[in-house]
Amino acid sequence: MTLSPQFLDELRARTTLSTLIGKTMKLQRAGREWKAPCPLHKEKSASFFVNDEKEFYHCFGCGAHGDAIRWLTDHRGIPFMEAVSELAAAAGMEMPARDPQSQARAERAATLYEVTGRAAAAFVGFLGYQGTPARLYLEHRSIDAHVVNTFSLGFAPDSRTAIRSALGDMGDEKLIEAGMLIRTDDGEPYDRFRNRIMFPIHDSRGRVIAFGGRILGKGEPKYLNSPDTPLFDKGRSLYNIHRAAPAARKSGRLIVVEGYMDVIALFRAGVEEAVAPNGTALTEAQMEIAWRLSDLPILCFDGDQAGRGAAARAAIRALPLLEPGRSLGFAFPPPGMDPDDVLREHGPAGVIGMFAFPLALTEMLWKHELQAKQVVTPEDRAGLLHRLRGHARTIRNAEVRDAYADWMKSRYQHHFEPRRPPPARPMLPYPANKFHAR
């Protein structure tokens, strides 16, 4: 849909920006403006100003600037068209008529949201009256009723027809399109998820768009996720984003972990600003979502070799996207542990302590390449420097690219010529006592 400049201007004029922003933060009158400490970066003084007449907000500390639409897309992380629709509804404005194709897609999506929403409710019901093995497993993992209810955990019975029967009035074609059923060669559909603990996946507005299912007992795959559907693109979605986004804006940080149970472990430890990819490696699109919530998301992968390898691949994938003030941090549990293990062994303080001093992206790359191959001969050293420079060259932003090249060269020289003064080792701004279990 194409929106005219006139429509957008009218929408801004009908939206009182201070009222919109004041729903989520306390503003103080300052002459003809409103002011507050900036919610987009940590500060004690009030450098964030809202001007209703000029229809924009501006922070003199971090430079954040925008209108009502930008506030919703950046502060709440919702797509542009959803932000416009929300503001239009609040202002009593009719959205411009969609073209027939757009209208058909919207109606199709509305039906699929109903399918996934009802499926989530059905799985919750199955957990209650058919899910004894699932409830015992959750109790074994110290997941209590509060956590089960918060994350709407459910159970898919070991049946080929449980969901098909529960949602039979929706029709097989809609259930197949929503990823709930699989069609066999003979045309008889059956339930995709069977004998699994179910984790509903939501979009940024809290609507169920897909599911992940962990098998009970032995079997493969251990985790099964919904296929891509008109509602769900696994490479562009993050598990728990609808709960983590407001928590991240409040705490000033975002944690990215490997899986659903890691998110839940952090929640149990009092860390609510955690998300996870949906069974895939962290993608560029998911990084962009994370950067909308924090300039320095912390990636926390398992403490084993596979986890460190995944962290290194994420670091390399992020390099072309880096900009001044925008990077990644890395945190690791002890070797052989994941966040749930840390919670059991060391309690909430142990979990929170993992994020006190994240490893900078530069150090992550340095350690990865230093350990990737032996460095004994001059040729080995030259190969190491060549690989490091190659990583720096992938950075699109010229300022960041030059800074990385300089830092890598200095780090290399200090390592092999220790008489030189060492470069300043990055220490990311997360003091140990800043975050605590709630």
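The protein has a mean pLDDT of 89, and 92% of its residues reach 70 or more, pLDDT being the predictor's confidence in each residue, from 0 to 100. Over residues 431–438, however, the pLDDT is below 50, although this stretch has 18 contacts in the model beyond near neighbours in sequence, a contact meaning heavy atoms within 4.5 Å. Where pLDDT is low, the predicted coordinates should not be read in detail. This is a predicted model, in which local features need pLDDT of at least 70 and side-chain atom pairs count only at pLDDT 80 or more, while totals for chains, interfaces and linings use all residues. Residues are numbered from 1 along each chain as its sequence is written, and side-chain values use heavy atoms, with hydrogens and water left out.

Two packed helices are described by the angle between their axes and the distance between the axes. Helix α1 (residues 5–14) packs against helix α4 (residues 80–91) at an angle of about 55°, with the axes 10 Å apart; helices (H or I, at least four residues) and strands (E, at least two) are DSSP runs, numbered from the N terminus. That angle makes α1 oblique to α4, since angles under 35 degrees count as roughly parallel, over 145 as roughly antiparallel, 65 to 115 as roughly perpendicular and the rest as oblique. On the α1 side the contact is made by Phe 7, Leu 8, Leu 11 and Arg 14, and on the α4 side by Phe 80, Val 84, Leu 87, Ala 88 and Ala 91.

Tyr 57 lies in strand β4 (residues 56–59) and Trp 71 in helix α3 (residues 68–75), so the pair ties together parts that are 14 residues apart in sequence.

Two details of the backbone remain. The peptide bond from Glu 220 to Pro 221 is cis, with omega near -10°, and Pro 221 is found in the loop between β10 (208–215) and β11 (223–225). Ser 142, although not a glycine, has a positive phi of about 60°.

How values were computed
Axes fitted to C-alpha atoms, helices over the stretch in contact; angles between N-to-C directions.
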